[in-house]
Amino acid sequence: MEEMPKTYDTAAVEQRMLDKWLEGDYYRRSAGVGDCTVTIPPPNVTGKLHMGHAMDDTIQDTFVRFNRMRGRSTRWILGTDHAGIATQTKVDKKLAAEGISRREIGRDKFIDACWDWTNEYGGFIVEQVKRMGCSVDFSDPHFTMDDDYAKGVRKVFCDWYHDDLIYRGKRIVNWCPHCTTAIADDEAEYKEEDGHLWHLRYPLVEPIDGQDYIVVATTRPETMLGDTGVAVSPKDHDKDKFVGAKVMLPIMDREIPIFSDFYVDAGFGSGFVKVTPAHDPNDFAMGERHGLEKINIFDETAHVVEGYGQFTGMSREECREAVVAWFEEHGLLDHVEDHHHSVMHCYRCDSALEPWLSEQWFVAVDKLKGPATEVVTSGNIKFHPERWTQSYLTWMENLKDWCISRQLWWGHRIPVFYCEDCGWEDALMEDTDVCPKCGGHHMRQDEDVLDTWFSSQLWTFATQGWPDNTELLKGHHPTAALFTARDIIALWVARMIMASTYFLDEIPFHDVVIYATILAKDGTRMSKSKGNGVNPMDLIEKYGADAMRFNLLTLVTNNQDVRFDANIDKKTRELIDSPRTEQARSFVTKIWNASRFVLGNLEGFTPGEPVARTQADAWILSRLARLSKVVMEGISAYQFGEVARELHNFFWNEFCDWYIEFSKASLRAEGEERLQTQRNLVFVLDNALRLLHPAMPFVTEAIWEHLPKVEGEKPALMVAAWPEPETLASWIDPEAERAVGMLCGVVGAVRSTRARYGISPKQELAVVVNAQPENVTVLEELSSQISVMARVSEFAVAAGAPKPAESAAVVVEGAEVYSVLTGMVDFDAERTRLAKEQKKLAGDAAKFSKKLSNPGFLAKAAPEIVEKDRAKLAEIEDQLARVEAQLSELGQL
């Protein structure tokens, strides 16, 4: 048997394991009983993967590998999204840098440029996914603009069009003047901004009770050019006399009516609300109710259109300043207030969105939302954590018709055709240049493309042959689970459910797993502009994929915002270090070294079954059996953080720190004792590697290659059998767990006392244990082993045993352990040293507390500085608590 290298070479081993898995075709759909099909949330072809992708992909791969080893028919479907707005923006910028304009080269050549971008970055993303160890089916990748996928998108549009679920209408939409396209409500990002509330005087056409004007309050004075009414609340009876009157709109000299509408909040501003139906969705609704004209004053770039005199051609910001100046000049600016309000921004370019009246395509959602709600309320689809269920249901309850048209070139072009000769219009599955009604040849296709989410809503079934080959869906749809971020529950998850229930009459997945949002170390969002983003590939290069994966899994909790422990160079924006990932790498090293120890002590080994020859054997086999159950149930319930912690505790603490130590004496023996110890070690290590594999595939696969194999074993760990709890259940031994658990507790207590007081491990100590009555006999039977492992000169145990003079106490489960320190420690000197340390730590704690309670410091200091100081204070307070505990203990000695 080839000896394991002394040092684990992360880069070399991980590449070799990747090659092994790919050459073995293990990533394709596996045969099995039951199904585990998962579709990867398709990353956009606009750049590199970020930490959110790394978290999502790690969780998915852990789940997929677990199910593959359990014998399920498993396939993880790979794909990328064309990301209409994002990709078009990127390609626009690239062309602009080359001095080329999209308008100059035309639609066809621009689309070619988008394909070039896709082929470059889409392939790059796939390589990153591969490098993380994700066992997706690379042999059959999908892309939302592929021909077969596009056919499914076209069918959905045509079917919904002919079923009267898609219509064209003139509505207020969220318009991005930079991207020059409509944005769905769910894609808009709200940002709190400091602004103003301008109070403007509108002259009455006819005075009322001696009053010549009314005052309207607005946050957007520039839109008053498009006002066609003024509204008051019907509950505001002081204004009843104004209803039915008219004002002369300043600048425009346009007479507009005053009317009452229940939408108006009488307590806002002056109680008079200017109504601009073409530039506010609520004003649009009031305009519809009261028959107001809808005047669009902006073009697609949010500049004032022709016909507005000096204001024509101005941007929104320029027009605002000019309108306010005009009102002030004409004595019609009543007053101005500071006003904090929420403003919608484009989720891609961050431009402030403009509510804009335009003709768009919409999906009527009323017939879709009912079934999509019922499958969640009935429990057919479950959200994890469960609290996201209500978020989904609330969104569905308030769902409005979905604007699906985008004024872009990159994307699925809307398949509606028009005849310029006879006015015929229809949605078609195939392009046509001849009118089926009049035979004319003056045909044109709609210029707009579909919202990216319209195509990605088909992801679970259009990637599996639909609509042409529905045989592929049988047994593999619904998919097992969808793993995604909370911010696209509405954008993607809900729409996938609506599309699947409509076209397949079944749910797209059984579970929706919402993973944690990865924040920077200072608690802010990771972003390129802030320079606080962490590149997963940098982590892999520095620490290895297994370390990055394992660290990410430990962060999976029910808390949806987790801070990633990484330090970034502010100037170069490169990764300096990640202490938690460093700890995870130490775990990888521990696994390698422990395995190397076991495999290095197999001389004379012959295969055989494990046998609980000693209590330690019974204990570790029992702990292994319990671990298999915990891991299986944890992954099945998507509790990945808990699974990671249990795996770490078993392998590092129980197997490495204790069982291997228990086994060393037996390995030095001869004959049956040594052989059985070898068999037990191999059995436990083998099963532990299987349980670790979904989370840490590279190091476990590399070690498993060196393990002795039974005849007929699988050629790779990733396809080896999972340690099912039922097969290990017979090893569960509560008495052995209790006994060895107490042994470890007592030995650990003595060792921690040595470390605390700086006593040499070679120095023997007298130990007295005050045990609960039911534990006395157990500890008496273990006394010789405790004495050897803890270097104890005298050992006594009794129920109610008194604490000896000059002894340190440590509480363990079921007992108190007293280590006698007489002659070992200079207590006076130790008290003096600790008192001095206490004084220094207390002073440092006071200094940092004062600093962190200073409002001036908190307001001016950078967030990362504040966070660093808080972390330092917590560290000082922890040290202080430990010093004070030792002082308290010494005071009792």
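Predicted model: local features only at pLDDT ≥ 70, side-chain atom pairs only at ≥ 80, totals over all residues.

Q: Which residue stands opposite Tyr418 in S20?
A: Arg444.

Q: What's the strand order in that sheet?
A: S19-S18-S20. The sheet is open, has three strands and pairs antiparallel. Strand S19 (425-427) and strand S20 (443-445) are the edges, each pairing on one side only. Ignoring direction, neighbouring strands are turned by 25° against each other on average.

Q: Which helix packs on the sheet?
A: Helix H5, residues 147-162. H5 touches S18 and S19, and its direction makes about 130° with that of S19.

Q: Now the parallel sheet. What order do its strands have?
A: S15-S23-S22, in an open sheet of three strands. The edge strands here are S15 (382-384) and S22 (479-484). On average, neighbours in this sheet are turned by 20° against each other, direction ignored.

Q: How many bridges join S22 to S23?
A: Five, and the two strands run parallel. S23 covers residues 509-514.

Q: Switching to helices. At what angle do H9 and H12 pack?
A: About 75°, with their axes 11 Å apart. H9 is residues 388-397 and H12 is residues 489-503. That angle makes H9 roughly perpendicular to H12.

Q: Which residues make the contact?
A: From H9, Trp388, Tyr392, Trp395 and Met396. From H12, Ile489, Ala490, Ala494, Arg495, Ile497 and Met498.

Q: And how do the residues of that contact divide by type?
A: Nine nonpolar, no polar and one charged.

Q: On to the cores. Which residues touch the most other members in the largest nonpolar one?
A: Phe63, Phe564, Phe651, Phe655, Phe662 and Val769. That core has 159 residues. Helix H17 (residues 640-668) gives the most to this core, with 13 residues.

Q: Zoom in on Phe651. What is in contact with it, leaving aside neighbours within four places in sequence?
A: Phe587, Lys590, Ile591, Ala594, Ser595, Cys656, Leu685, Ala688 and Leu692.

Q: What other core lies apart from the largest one?
A: One of 57 residues. Among them are Cys158, Ala462, Ala490 and Met496. You've met Ala490 already, on the H12 side of the contact with H9.

Technical notes
Residues numbered from 1 in each chain as written. Heavy atoms only, no water. Pairing = 2+ DSSP bridges. Helix = DSSP H or I, 4+ residues; strand = E, 2+ residues; numbered from the N terminus. Axes fitted to C-alpha atoms, helices over the stretch in contact; angles between N-to-C directions. Contact = heavy atoms within 4.5 Å. Parallel < 35°, antiparallel > 145°, perpendicular 65-115°, else oblique. Nonpolar A, V, L, I, M, F, W, Y, C, P; charged D, E, K, R; others polar. Core = buried A, V, L, I, M, F, W, Y, C linked by side-chain atoms within 4.5 Å. Buried < 20%, exposed > 50% of the residue type's maximum accessible area, 1.4 Å probe, protein only.
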